[in-house]
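Please find below some remarks on the model under review. They are set out as numbered points.

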Amino acid sequence: MLKKPMASSALPISFTCPNFSESFIMKKECIRPLERRDLERVAYLVDENAMFPPEILPDLTAAFFDGDDDQRWLVFDDGQVDAACYFVPEEMAEGVWNLLMIAIDPKRHGAGLGSQLMEAVETQLAEVGARILLVDTSGKDDFERTRAFYDMLGYEREARIRDYWSDGDDKVTFRKVLT
């Protein structure tokens, strides 16, 4: 699985609200750390978005629930968890983190939940001096909306690795400087 980086910093947990004009007000029912009770709902989000087999979710979250400060899971919860994300530090790189997953309930795509989660991730990382956030996605045509999402948030298309995920499915890496 994932190896621990050489050095890391514990990140404080901060929260945001659904209304950007109220950003960073402590309102726990909006964006908060993942809790064990959320796993069934997050498994649904992962499955609905075809992220990875949802049955591996307990293994992916085990280190987080064991208190590993390098495993970060956030959820958007305004009465029901409708979005989740997972991010970790890059190995052997100082101040570089990677968003490994973001999943939004398809019924709420386009409602701003993903943007708010990304703002929370970027804010947490910037507050502790992280320099860069990376995001990888597919180069396939059906991921154009995903790539447009990161473009809209100010990420740069940093790299393309041909046939990375499978033959004909390139890996597109986005990069955003945080500090």
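**Remarks on the predicted model**

1. In this protein, confidence is lowest in helix H4 (residues 144-152), with a mean of 94, and highest in strand E7 (residues 169-177), at 97. The confidence score is pLDDT, the predictor's own value for each residue on a scale from 0 to 100. Helices (H or I, at least four residues) and strands (E, at least two) are DSSP runs, numbered from the N terminus. Across residues 1-29 the pLDDT is below 50, and this stretch makes 67 contacts in the model beyond near neighbours in sequence; a contact means heavy atoms within 4.5 Å.

2. For the protein, pLDDT averages 85, and 84% of the residues score at least 70. Residues are numbered from 1 along each chain as its sequence is written, and side-chain values use heavy atoms, with hydrogens and water left out. The model is predicted, so local features need pLDDT of at least 70 and side-chain atom pairs count only at pLDDT 80 or more, whereas totals for chains, interfaces and linings use all residues.

3. Ala 62 belongs to helix H2 (residues 57-65). Ala 62 counts as partly exposed because its relative accessibility is 33% (buried is under 20% relative accessible area, exposed over 50%, partly exposed in between; 1.4 Å probe, protein chains only).

4. Met 92 is located in the loop between strand E3 (81-89) and strand E4 (96-104). Its phi is positive, near 60°, although the residue is not glycine. With a relative accessible area of 67%, Met 92 is exposed.

5. Asp 163, in strand E6 (residues 156-166), is a non-glycine residue with a positive phi of about 55°. Asp 163 is partly exposed, its relative accessible area being 41%.
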